[in-house]
Amino acid sequence: MAADTRSLLQVSGLRKTFGAVKATDGVDLNLIEGEVHALIGPNGAGKSTLIAQLCGELRPDAGTITFDGVDVTALPAHLRARKGLSRSFQITELCPDFSALENVMLSLTLTSGRAFQAWSDPRRDPKLMTAAQHWLEEVGLAERANTRVSDLAHGEKRQVELAVALARAPRLLLLDEPMAGMGVEESARMTQLLLGLKRRYTILLVEHDMDAVFALADRLTVLVYGRTIFTGTPEEVRNHPEVRAAYLGEEAC
Amino acid sequence: MTTLDSRRPVAPSASWTRIEMSRSAWAALFGLLVLVLVPTGAELAGTPYAINLVTRFMIYGLAAVSLDLVLGYGAMVSFGHAMFFGLGGYVTAIVAHHALEAGPLFGWSGSMQALVVWPLALACCALLGAGVGYLALRTRGVQFIMITLAFGQLVYFVLMSLKVYGGDDGLMMSQRNVVPGLDLEKPVVFFYVCLALLVIWTFLCSRIVASRFGMVLQALRQSERRTINLGAAPTPYRLSAFVLSAMGTGLAGALWANFAGLVTPDMASWTKSGELMAIVIFGGVGTLLGPIAGAAVFLGLEELLASWTEHWMLVMGPILVLVVLAGRNGLFGRWLGGAHGR
């Protein structure tokens, strides 16, 4: 981390309350360009609410979010996406009637910003097809390219999720539980896949699978009751008494 | 950097979209052939009345294709689409009324030229569509249905209250519009004009739904959250589709005014909206061609049953229910491979 410490995403004093519930209670977060930063915390810690605020689906009550040197706190989700913030969803959000390839093509089409074009068929654009195929290869799903997403297995849908997020050549990748609902074997495969992305992207990884988190993360931030209680390297987090008490328990020791 | 051994190239021709497209292209060709032969066949069979009957199918087909664009591809359940049918018809009839009988309208003496009047009708529908769409698209689901219904009723009652233009009796259009070189008064000529417009409009719509724009429009239907997070603002896409759809329905209204020689507020009533929606669902939502066939079957059945009993709705209702229960893709949706799955 020492060589390049340019901050890509900076969150400070973020607050969001729903009635009496303080879902986000003063979150500070700093993502350095090129790192894999894991966000962990027990259920109900406010991870999903935080992600929603980072990608612009929810407006925070207070605090600021700076992305790539620009204050994006008031920017809606689609404009943040155009700035290079790309995300995957905890519960798969894809177009079920489109093929895997078409889902990636949609992502590519919206990246170039030429989607308001009502005549030519993107499926007949060889350049776009090749590019989309490339990203499916990248996640190991090339042979299922023309299968409708609704006919894919759960693990395959997760791979498409990743391909869709990657295809935009994002500045920042927000991965919301990429291993959600996966078996041991699939999780291991996904971990391998993500390891291959390390250093090529700045990644904020929200994940419950501790094996995956410790294998991938350069740094971790622990979120408990909407508050960031600690940020450090995996080794520091493992040995931090407060974190162990709050979250890791005995199994991770 | 993949860990799987799945780098084999895939033949792009295996895409399901392409297979389905060629099948619907084949269906389009077949349908076109049948329609082209209708006038000759009707003359030979000694039933010239059939020409007018099929003309009616095509006009409703045009409106149904337009409704399918928002209903099937944009998942916008517009329950007020008859307002555009009514407006298109009234603009045409009112301009003709001023040209033939009444004095000038705001200093304009009116016109019978189709190439002037029909674009004018389309422009009015586009304006109304933009306004209604802009307001209705702030809502979702049931609210969207209710708002479009409310605007539809608003237009209906405005037309009812236009005493100058016949109020609830409607307005006669004693002559058809004029196109240089064509005599629209002849049923055969009018038939082919309607057919040409139906073909052009359907082709246009099929290009639009297959384009990048159409891809985003359909993506918004399938997963709005995903599409927004890829950088698309939903309203411009949906509103454009809504305006286009309003124009197509308005064109059908203009043709109807010419065909029937009469426009009535009923053209904009909510029952007409329901009828259009029933035709689309009947034929297959999200298939474009399905609704055209749906219009023929729906209106044909109506004609047949009405000649048999005046309580034809008693029979029509259960048939509609059966078709909807049998499959959410309508009569032809499964076969044409609609936008809503197979």
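This is a predicted model: local features need pLDDT of at least 70, side-chain atom pairs count only at pLDDT 80 or more; totals for chains, interfaces and linings use all residues.

Q: In what order do the strands of the open sheet lie in chain A?
A: Strands of a sheet pair through backbone hydrogen bonds, either parallel or antiparallel. Here 6 strands of chain A form an open sheet, ordered β6-β7-β8-β3-β9-β10, with mixed pairing. β6 (85-88) and β10 (227-232) of chain A are the edge strands; each pairs on one side only. From one strand to the next, the twist averages 20°.

Q: How many bridges join β7 to β8 of chain A?
A: There are 5 bridges between β7 (residues 172-176) and β8 (residues 202-206) of chain A, and the two strands run parallel. Within this pair, Val206(A) of β8(A) is the residue opposite Asp176(A).

Q: Which strands does helix α1 of chain A touch?
A: Helix α1 (residues 47-55) packs on the sheet and touches β3, β6, β7, β8 and β9 of chain A. Its direction makes about 150° with that of β7(A). Helix α5 (residues 154-166) of chain A also packs on the sheet, touching β6 and β7. The direction of α5 makes about 175° with that of β6(A).

Q: Into which domains is chain A divided?
A: Domain 1 takes 1-84 + 170-253, and domain 2 takes 95-169. Their C-alpha centres lie 26 Å apart.

Q: How many residues does each domain of chain A give to the contact?
A: Domain 1 gives 8 residues and domain 2 gives 9. On the domain 1 side, the largest share, 3 residues, comes from helix α6 (residues 184-195) of chain A. By class, that side has 6 nonpolar, 1 polar and 1 charged residues.

Terms used
Residues are numbered from 1 along each chain as its sequence is written. Chains are lettered from A and ligands numbered from 1 in the order in which they are written. Two strands pair if DSSP finds at least two bridges between them. Helices (H or I, at least four residues) and strands (E, at least two) are DSSP runs, numbered from the N terminus. Axes are lines fitted to C-alpha atoms, for helices over the stretch in contact, and angles run from 0 to 180 degrees between N-to-C directions. Two residues are in contact if their C-beta atoms, placed from the backbone, lie within 7 Å. Domain bounds come from an automatic or database domain assignment. Ala, Val, Leu, Ile, Met, Phe, Trp, Tyr, Cys and Pro count as nonpolar, Asp, Glu, Lys and Arg as charged, and the others, Gly among them, as polar.
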